[in-house]
Structure formats: C-alpha cells, structure tokens
Amino acid sequence: MASSLTCTGVIWALLSFLCAAASCVGFFMPYWLWGSQLGKPVSFGTFRRCSYPVHDESRQTMVMVEECGRYASFQGIPSAEWRICTVVTGLGCGLLLLVALTALMGCCVSELISRTVGRVAGGIQFLGGLLIGAGCALYPLGWDSEEVQQTCGYISGQFDLGKCEIGWAYYCTGAGAATAILLCTWLACFSGKKQKQYPY
C-alpha cells in the first residue's frame, strides 16, 4: 500500500490521532471539576454534569440524583464563560480530529499529503490547540456560578476552587492540545513526501 507520508509523517499521524482522541475524550467527559453536594460526589464538564439536586415532593427535601447527563439546553449551562468554553473547545477538538483523520488517510493513500499540505495541516493543528487552550483558560471563570458554589462550599470564585478539585478530564483535554501545539505542529512540517514532477 502506497503512503504519502515520510517516516516522520507516520509518527505525526499517530501522534495527531492520540492528541485528538485525548482532547475529544476529555472534552466530552463531565470530569473537569470534582466536588460534593449533600454528601454525594458531583462533577462538572463544560456542558455535562454528574449528580444533581432535585426536590423530593414526598419527603419535602432536596435529594441528589446520581447520574450523568447534558444540560437540558445550551442556556442551561451554568455560566456564559462555560458556554463560550464549550463552543471554543468543541471547535478546537473538531479541527484536531479533522487533521488526525486526514493524516491517518495519508498513511494509506499516495500523494494525499504533500509538504505544503502537511504544513497547512500543522497550522490547522496549531489553531485547534490554541482554541482548546483558550477553552481551558476560560473554564475557571465560571467557578463563581451558583451551581459550582453549591458544590464547592460557597467559597469558590473565578480561579478559586473552594472545596473542589480539578478533574482528570481537564488535564487530558489540555495535554492533548499542548502536545498538538508543541509537537504535532512541528512534525507536520516534515510529514509529506516531496511530490514527483511529471513532464507534461
């Protein structure tokens, strides 16, 4: 099977896929922020949450429903910063995934990835990584929302966790983006084979 990638390009393709997978999994999972409410563990993502309080009519008290899910609507996301974070990080993950899948196809298809295409793909990865990084930087701005404060002991604020902790999914998303920016972008410059010149 013919490949349009150099040896460096094959490493780039595999690393691009791993970076995109790490960022996408981290983005989708609701484990960016950990805390507790009513004695139950609670976690948040940018657009998902695990465990939430509901009013129990029979006992006339608040109880925790221990299940994960998306917010009912985009406006249901607790803060404007988290809504922006969701859009920006989602776009960045989409760009990383697009480049990763194209790079993997380059392992099997000849003349798909030229040096120029590789450099453009590296630029797209850089942009995707920057968008995800911006989303990760925006996320702490939403820690002063009512939902987060209920979970973090009413002492959380912007860039102040209170009694909460940052979860593994936040680190996973950020690490995928950082690797895409620092390593994949550089490897992409050397990924494509020089195209053959055909006499016409």
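Reader: Start with arginine 49. Buried or exposed?

Author: This is a predicted model, to be clear. Arginine 49 counts as buried, at 6% relative accessibility.

Reader: Which side chain does arginine 49 meet in a salt bridge?

Author: Glutamate 147. The N to O distance is 2.6 Å.

Reader: How many salt bridges does a search of the whole structure find?

Author: Three. One of them joins glutamate 66 and lysine 40, at 3.4 Å, N to O. That pair links distant parts of the chain: lysine 40 lies in strand 2 (residues 40-44), glutamate 66 in strand 4 (residues 61-70), and they are 26 residues apart.

Reader: What is the accessibility of glutamate 66? And of lysine 40?

Author: Glutamate 66 is at 51%, which counts as exposed. Lysine 40 is at 33%, which counts as partly exposed.

Reader: What does aspartate 56 meet in a salt bridge?

Author: The side chain of arginine 59, at 3.0 Å, N to O. Aspartate 56 is buried, with a relative accessible area of 16%. Arginine 59 is exposed, with 58%.

Reader: Why does 16% make aspartate 56 buried?

Author: Because buried means under 20% relative accessible area, and aspartate 56 has 16%.

Reader: Switching to rings. How many aromatic pairs are found?

Author: Twelve, from a search of the whole structure. Among them, tyrosine 139 and tryptophan 143 form an edge-to-face pair. Their centres are 6.4 Å apart, with 90° between the planes.

Reader: Those two, buried or exposed?

Author: Tyrosine 139 is buried, with a relative accessible area of 0%. Tryptophan 143 also counts as buried, at 5%.

Reader: Which residues form the aromatic cluster with them?

Author: Trp32, Phe44, Trp82, Tyr170 and Tyr171 form one aromatic cluster with Tyr139 and Trp143.

Reader: One more. Over which ring does the charged end of arginine 48 sit?

Author: The ring of phenylalanine 28. The charged end of arginine 48 is 4.5 Å from the centre of that ring.

Technical notes. Residues numbered from 1 in each chain as written. Predicted model: local features only at pLDDT ≥ 70, side-chain atom pairs only at ≥ 80, totals over all residues. Heavy atoms only, no water. Phe/Tyr/Trp six-rings, centres within 6.5 Å; stacked < 30°, edge-to-face > 60°. Buried < 20%, exposed > 50% of the residue type's maximum accessible area, 1.4 Å probe, protein only. Lys NZ or Arg CZ within 6 Å of the ring centre and 35° of its normal. Salt bridge = Lys/Arg side-chain N within 4 Å of Asp/Glu carboxyl O. Helix = DSSP H or I, 4+ residues; strand = E, 2+ residues; numbered from the N terminus.
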